[in-house]
Amino acid sequence: MNKKIFSLGGSLALAFSLSGVALAQDATTKTTTTTTTTARTTVQNPDGSYSVIEYPVGKEVTVELTPMNLQGAKGMARVMRSTSGTNVALDLSGLPADAKSYYVYAVDPTGAVTLLGPTPITNGVGTATFTTPMNQFMLVLSPNEGLTTFGGDTPVAFRSAVPQGYAVVGNRPSNSIEETKQVAGSAPVSSTYEVPMLGIPSLGGKDTEIRIQFSGELQGLKGKAYIDPKQAGATQIKMRFDDMKMAPKERRFVLWAVSPDRKYTKIGQVINTGKRQEAEIRGETALNDFGLFVTMEDTDVTTPSGSVYAPFTIYKP
């Protein structure tokens, strides 16, 4: 492995040891996973009709509400998540003169619909504030009360857009049956993460640096990794985080490898305690080619479920 690793200050580290190093599971362990899934109607659509994101703790997020066939209407939500729940404040204007109220729903990654409450409308203007324990959702405003599903036939007045710097959380159908044998961290999952392959065979067995660009609530966090495909039957991976104090505390940062057929392998994780500036993940995979990405998770997971901020790319100086 190339030992010329850059730190944030530009110094070179010839050796690095950290008590918080997360080690991947033994690559020799075999995994067989069979998944049978019955999906709900909510899917991640290119037109923005599915826009579930994960809201960060302690940071207000401004979300534009896109009007549906309401000419001149405007909508905005200010979302603030804390350790005790998530506060949603709505501001609507330019609404039809005959509008009396819209019902506000939160749609989670499984497609489940939760009523937050009504927003009364007076003279084309409406404001309301709601609290929910949810942390991953999109907002849907409808003139209909009692919605139980969200899909193409749902009457919608507004739906939330994805704020700049945030990534859509992959759709996770809730009605699934899994039969799993001795999992080694590799499994097909229903959520979709758009991660490009790194083209490992094209590296010619060379030790290669790859980088990730974090955004959103992880703006300022630095990450890079080194992949070494020289080992027989396995590619070794070492990833380092700089400026960990810039990231939310008590969260798990998980490094995943994804195969061309969308099976996800957990390489390792670190937990940001808020007391260290740097952290490292070491692991390996037997995949011939793969992509790499990081999710931020609330709890220990065996398949990716949290927000993904950006995939790794080959560094070209």
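Two strands pair if DSSP finds at least two bridges between them. The legends below apply this to a predicted model.

**Figure 1. Strand β19 and its partner β20.**
Seven bridges join β19 to strand β20 (residues 263–271). The two strands run antiparallel. Ala257 stands opposite Thr265 in β20. The hairpin of β19 and β20 has four residues between the strands. In this hairpin, Arg262 takes a positive phi near 65°.

**Figure 2. Strand β19 and its partner β22.**
β19 is also joined to strand β22 (residues 291–297), by seven bridges. This pairing is antiparallel. Val254 has Thr295 as its bridge partner in β22.

**Figure 3. The two faces of β19.**
In a regular strand the side chains alternate between the two faces of the sheet. From β19, Arg252, Val254, Trp256 and Val258 point one way. Phe253, Leu255 and Ala257 point the other way. Residues on both sides are buried. Seven of the seven residues of β19 are buried, so the strand is largely enclosed by the rest of the structure.

**Figure 4. Aromatic pair Tyr102 and Phe158.**
Four aromatic pairs are found in a search of the whole structure. In one of them, the ring centres of Tyr102 and Phe158 lie 6.3 Å apart and the planes meet at 75°, so the pair is edge-to-face. Edge-to-face applies to planes over 60 degrees apart. The pair links distant parts of the chain. Tyr102 is in strand β9 (residues 101–107) and Phe158 in strand β13 (residues 158–160), 56 residues apart. Both Tyr102 and Phe158 are buried.

**Figure 5. Aromatic pair Phe241 and Phe253.**
The aromatic pair of Phe241 and Phe253 is tilted. Its rings are 6.1 Å apart, centre to centre, with 55° between the planes. Phe241 lies in strand β18 (residues 235–242) and Phe253 in strand β19 (residues 252–258), so the pair ties together parts 12 residues apart in sequence. Phe241 and Phe253 are both buried.

**Figure 6. The surroundings of Val52.**
Val52 is found in the loop between β4 (32–38) and β5 (53–54). Its relative accessible area is 0%, so Val52 is buried. Val52 and Val107 are 55 residues apart in sequence. In space they are 7.3 Å apart, C-alpha to C-alpha. Beyond residues up to four places away in sequence, Val52 touches Val107, Asp108 and Pro109, among others. Its contacts also include Gln136, Phe137 and Met138, as well as Ala167, Val168 and Val169.

**Figure 7. Salt bridge Asp91 and Arg78.**
Side chains of opposite charge can pair when their charged atoms come close. The whole structure holds eight salt bridges. One of them joins Asp91 and Arg78 at 2.7 Å, N to O. Asp91 is in strand β8 (residues 85–93) and Arg78 in strand β7 (residues 74–82), 13 residues apart. Asp91 has 27% relative accessibility, so it counts as partly exposed. Arg78, at 30%, also counts as partly exposed.

**Figure 8. Salt bridge Asp300 and Arg252.**
The side chains of Asp300 and Arg252 meet at 2.7 Å, N to O. Asp300 lies in the loop between β22 and β23 (307–311) and Arg252 in strand β19, so the pair ties together parts 48 residues apart in sequence. Asp300 is exposed, with a relative accessible area of 52%. Arg252 counts as buried, at 17% relative accessibility.

**Figure 9. Further salt bridges.**
Arg282 and Glu280 meet through their side chains in a salt bridge of 2.5 Å, N to O. Arg282 is partly exposed, at 33% relative accessible area. Glu280 is buried, at 1% relative accessibility. Elsewhere, a network of salt bridges links Glu54, Arg81, Arg251 and Asp298.

**Figure 10. The nonpolar cores.**
In soluble globular proteins, nonpolar side chains tend to be buried together. The largest nonpolar core here has 28 residues. Leu90, Tyr102, Leu139 and Phe158 have the most contacts inside this core. At least two core residues come from each of β6 (60–67), β7, β8, β9, β10 (113–122), β11 (125–132) and β12 (136–142). Leu139 touches Leu65, Ala77, Val88, Leu90 and Phe158, among others. A second, separate core of 27 residues includes Ile200, Ile281, Leu292 and Val294.

Methods. Residues are numbered from 1 along each chain as its sequence is written. This is a predicted model: local features need pLDDT of at least 70, side-chain atom pairs count only at pLDDT 80 or more; totals for chains, interfaces and linings use all residues. Side-chain values use heavy atoms; hydrogens and water are left out. Rings of Phe, Tyr and Trp (its six-membered ring) pair if their centres lie within 6.5 Å; planes under 30 degrees apart count as stacked, over 60 as edge-to-face and the rest as tilted. Buried means under 20% relative accessible area, exposed over 50%, partly exposed in between (1.4 Å probe, protein chains only). Contact means heavy atoms within 4.5 Å. A salt bridge is a side-chain nitrogen of Lys or Arg within 4 Å of a carboxyl oxygen of Asp or Glu. A nonpolar core is a set of buried Ala, Val, Leu, Ile, Met, Phe, Trp, Tyr and Cys residues joined through side-chain atoms within 4.5 Å.
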